[in-house]
Amino acid sequence: MSDERHRVALVGTGHRGAGMWGKELLAGWRDRAEFVAVCDVNELRASHARAEVGTNAPIFTDVDTMLAVAKPEIVIVCTRDDTHDEIIVKALEAGCRVITEKPMTTTPEKCRRILEAEIRTGRQIDVTFNYRFAPTAARIKQLLMENAIGTVTSVDFHWYLDTKHGADYFRRWHAYEKNSGSLFVHKSTHHFDLLNWYLDSTALEVSAFGTQRNYGRNGPFRGERCMTCAHTQECDFYLDIRKDPWLNTLYDEPAEVDGYFRDGCLYREDIDIPDTMTAMLRYENGVIVSYSLNTYMPIEGHHLAFNGTKGRIEIRQYERQAFETPDYDEILLMKNFGKVERIRVPHYSGGHFGGDDRLRDMLFRPGTPDPLGQRAGALAGAMSMLCGAAALASVKQGRPIKLKELGGLPDGIQI
Ligand SMILES: NC(=O)c1ccc[n+]([C@@H]2O[C@H](COP(=O)([O-])OP(=O)(O)OC[C@H]3O[C@@H](n4cnc5c(N)ncnc54)[C@H](O)[C@@H]3O)[C@@H](O)[C@H]2O)c1
């Protein structure tokens, strides 16, 4: 990548697009990126987002027109998950480099289509797996690369979403498999990618369970959305988006255009995704993994342990807790017949404890070193997404699913 400022198009101007890839990108990387287009099917949201981002770039509501008129070099895709493939392929065909939000896509068919387009056009796709860039994840990766616990044989990985963050997925489009591929794809793509990256191996097979136990049809009452609901006094999940200026700007008035409410009822009876999930994975290098995702906890964070022939690496990572927590992470490095080392990693400021800034540096500052292999391309996007698709298929079919059964990779790429 050269040293000049890149002509960037932002597609999808919701919270992620307007924030991480809009306002924050211009705040820190203005010398590297200028917006030449802001694109969203909802013109009003695009217009509000453009004001928040602080750009005069023209607004488009159609990707084809945007590509033809604005001629961007880089297209950043921040739309609903199931629409990523269409936009990625069009951008690649137009000769652009693509930065796409995770999950890269939602089905094996779409995955294959994206990889084929990348091969055909020779253009590059980056998938924004920002968790790889969190300082604690980087330190763990370093320990694994140094073989600090011998050969890793199994992993315990449990992720907890709290009643704020977890609930948010059930208020909106994520709550339907056709939009998000379920949370096994939408959310777990981060976690499966971390596993794939940490273990430097390929998941071969997944066996999973998933149930809906708290949201959706489990609710004691329901409405259309919080703003018009009759149960605001009795509902623990009541949300008034007007109290949050950022959400209010991006979602309140723009909802008049497309009926997309940010505060949809999380007890809608047609919600069709699990909220309580477990999975077991088997890797090519012999590692076996026990994973879970829960979405209505009093805590936010994860518990991760690598079990090896010579010891164990363990971390309880706190994001938001119901109790006092330190402002650092502590990795426990335990040797089977040796001492315990406590490795403290400070919480840096910024999204994902500083990980989001490092990711933007990697993508927009040429020459940023990558000794840990944190930068993730389309194949990483595919493999983590396919783990989620296999988990969902396993839930539905009640049997272990081999990733190669899904047919999500082009001919010539073997699992
Ligand atoms: N990496 C992370 O930590 C992280 C965090 C949040 C969201 N995300 C990802 O970012 C993406 C956006 O999330 P969000 O919460 O901002 O969603 P959102 O629903 O708030 O915003 C998506 C926007 O895309 C627009 N859109 C939908 N289809 C479109 C199309 N075909 N063409 C143009 N615009 C279209 C919608 O009108 C909306 O404004 C998702 O893929 C999500 O998974 C990633």
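A disulfide here is a pair of cysteine sulfur atoms within 2.5 Å, and a search of the whole structure turns up 0 of them. Keep in mind that this is a predicted model: local features need pLDDT of at least 70, side-chain atom pairs count only at pLDDT 80 or more, and totals for chains, interfaces and linings use all residues. Residues are numbered from 1 along each chain as its sequence is written, and side-chain values use heavy atoms, with hydrogens and water left out.

**Cysteines**
- The sulfur of Cys 387 sits 11 Å from the closest cysteine sulfur, in Cys 111, which is too far for a bond.
- Cys 387 has 0% relative accessibility, so it counts as buried (under 20% relative accessible area; exposed is over 50%, partly exposed in between, with a 1.4 Å probe and protein chains only).
- Cys 235 is in no disulfide either, the nearest cysteine sulfur being that of Cys 226, 6.3 Å away.
- At 17%, Cys 235 also counts as buried.

**The sheet**
- An open, mixed sheet of 9 strands runs S14-S13-S12-S11-S7-S10-S9-S8-S15 (strands are DSSP E runs of at least two residues, helices H or I runs of at least four, numbered from the N terminus; two strands pair if DSSP finds at least two bridges between them).
- S14 (340-346) and S15 (401-402) are the edge strands with a single partner each, so one side of each lacks a neighbour in the sheet.
- S11 (residues 300-308) and S12 (residues 311-320) pair antiparallel over 8 bridges, with His 302 opposite Gln 317 in S12.

**Helices on the sheet**
- Helix H10 (residues 188-199) packs on the sheet, touching strands including S7 (152-162) and S11 (contact means heavy atoms within 4.5 Å).
- Helix H14 (residues 378-397) packs on the sheet too, touching S8, S9 and S15.

Technical notes:
Axes fitted to C-alpha atoms, helices over the stretch in contact; angles between N-to-C directions.
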